[in-house]
Amino acid sequence: MTGYKLRCNSGQSELQYKKELRFKYDLQFFAGDDKTEPATPKHLEDARKEGRVAKSQDLNSGISLLMAFVAIKLFGLFTGGIFKNSFEFFYNMMPSLTHNEFTSQTSARILSNAIIMVIIGVIPYLLVLYLVSLVQNVMQFGFKVTPKAAEPKLSKLNPINGVKRIFSLDKVMELLRSVLKIGVTFLIVFNDIKASAEIIFNMYDMPLFQTMSEVFTFVINTGIKISAVFTLIGFADLFYQKWKFKHDLRMSKQEVKDEYKNDEGDPQVKGQIKQKMREASRRRMMQEIPKADVVITNPTHFAVALTYDKDRAPAPMVVAKGADYLAQKIKETARESNVEIVENRPLARMLYYNVEIGDQIPPELYQMVAEVLAYVYKVKNKVVTE
């Protein structure tokens with residue numbers, strides 16, 4: 001709720017005027033689209049598993065049509081020769097077949113020969129179109145079997161979604177492409193007919209085979225030109241489809257966070273787990289302090305507990321260490337356990353920064369640690385003697 005304070009009439013109170021001007025509005029109306037983040041690799045992979053990829057059907061159609069005309073131009077004489085020979089063969093057989101000779105076996109043989117010749121004639125075109133379709137799809141979005149894309153979706157039967165698709169940007173772009181294709185086809189056909197007008201008008205006087213050859217050449221050349229332009233339109237559509245695919249797969253900041261949580265785990269939960277692991281490690285460390293021979297301090301910032309057992313390790317080991325608050329806790333535990341505390345600032349710093357808990361001290365510190373341990377053992381023996 002909000003109100004606008006405007007100048008009111010003399011007979012109307014300001015409060016009444018403000019109440020009349022109060023109205024409700026949704027702040028989210030002004031927020032715009034909250035999906036501003038690019039799709040993550042996982043989001044792209046999930047979309048691909050569902051069969052959602054950036055592809056252009058216009059490019060597929062354009063390249064297939066172009067290669068079909070090229071194949072006809074390359075294999076046209078081969079196919080035409082097969083059909084011509086087949087026609088002559090069957091036509092010459094007709095007078096020799098009497099009513100008694102035309103049996104079911106004869107008709108089956110003629111039909112099988114016709115089918116074989118048709119298959120031989122169309123095989124080159126089928127192979128070309130299959131290879132072109134496979135290559136262009138692999139080039140657009142690679143090869144991946146996605147059974148999920150074939151699953152039926154009830155959302156496609158939703159009439160509301162259907163109406164939205166009708167008035168979507170895709171339909172507008174599809175309409176523009178269709179208008180462009182029709183216009184290009186008309187211009188190319190018109191120009192080719194205009195350029196070949198003299199040949200077309202003289203076809204009446206040409207032999208049949210020459211006329212068929214001219215028509216074949218005109219249709220193939222015109223078809224190649226049209227399909228080449230369709231292919232260029234398809235490439236432009238492919239760039240648009242890639243842009244739209246990335247635009248449609250954008251994610252909100254919250255979706256990116258949720259995906260990260262699902263993949264890597266909730267940061268808060270992970271933090272709590274790490275905190276509990278540190279506490280457990282700290283408890284184990286504090287339990288080792290009563291077994292230590294000495295605690296070397298800074299004296300205020302660092303504390304390192306050492307133990308030496310020649311049966312356990314050839315050199316003294318660090319069983320606990322800490323800084324600041326933890327250092328104070330180590331010293332308190334050492335006092336409670338009657339563990340000797342020795343102040344040696346350089347040694348405490350070197351042990352804290354260079355030796356991990358459970359590791360032996362390096363040879364460089366043998367002399368300094370040996371002096372400390374000798375002092376501790378001397379003090380302990382003195383106390384025992386007394």
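## About the model

This is a predicted model, in which local features need pLDDT of at least 70 and side-chain atom pairs count only at pLDDT 80 or more, while totals for chains, interfaces and linings use all residues. Residues are numbered from 1 along each chain as its sequence is written, and side-chain values use heavy atoms, with hydrogens and water left out.

## The sheet

An open sheet is formed by 4 strands in the order β3-β2-β1-β4, and its pairing is mixed. Strands, which are DSSP runs of E with at least two residues, and helices, which are runs of H or I with at least four residues, are numbered from the N terminus; two strands pair if DSSP finds at least two bridges between them. Because β3 (317-323) and β4 (340-343) stand at the edges with a single partner strand each, one side of each is left without a neighbour in the sheet. On average, and with direction ignored, neighbouring strands of this sheet are turned by 20° against each other.

Strand β1 (residues 294-297) and strand β2 (residues 302-307) run antiparallel and are joined by 4 bridges, and a hairpin of 4 residues leads from β1 to β2. Within this pairing, V295 has A305 as its bridge partner, and V294 stands opposite L306. On the β3 side, 6 bridges join β2 to β3, and these two strands also run antiparallel.

Helix α12 (residues 345-354) lies across β1, β2, β3 and β4 and runs at about 80° to β2. Such angles run from 0 to 180 degrees between N-to-C directions, with axes fitted as lines to C-alpha atoms, for helices over the stretch in contact, and contact means heavy atoms within 4.5 Å.

## Aromatic rings

Rings of Phe, Tyr and Trp (its six-membered ring) pair if their centres lie within 6.5 Å, and planes under 30 degrees apart count as stacked, over 60 as edge-to-face and the rest as tilted. By this rule the count comes to 6 aromatic pairs. One of them is the stacked pair of F186 and F190, at 6.1 Å centre to centre with 15° between the planes. Both residues lie in helix α6 (residues 169-195), 4 residues apart, which is about one turn of the helix. F186 counts as exposed because its relative accessibility is 56%, whereas F190, at 45%, is partly exposed.

The rings of F302 and Y353 have centres 5.5 Å apart and planes at 70°, so this pair is edge-to-face. The pair links distant parts of the chain, since F302 is in strand β2 and Y353 is in helix α12, 51 residues apart. F302 is buried at 7% relative accessibility, while Y353 is exposed at 53%. Ring pairs also link F302, Y352 and Y353 into a cluster.

## Charges over rings

A charge sits over a ring if NZ of Lys or CZ of Arg is within 6 Å of the ring centre and within 35 degrees of the ring normal. K321 lies over the face of Y352, at 5.2 Å from the ring centre, and the charged end of K181 sits over the ring of F230, 5.5 Å from its centre.

How values were computed. Buried < 20%, exposed > 50% of the residue type's maximum accessible area, 1.4 Å probe, protein only.
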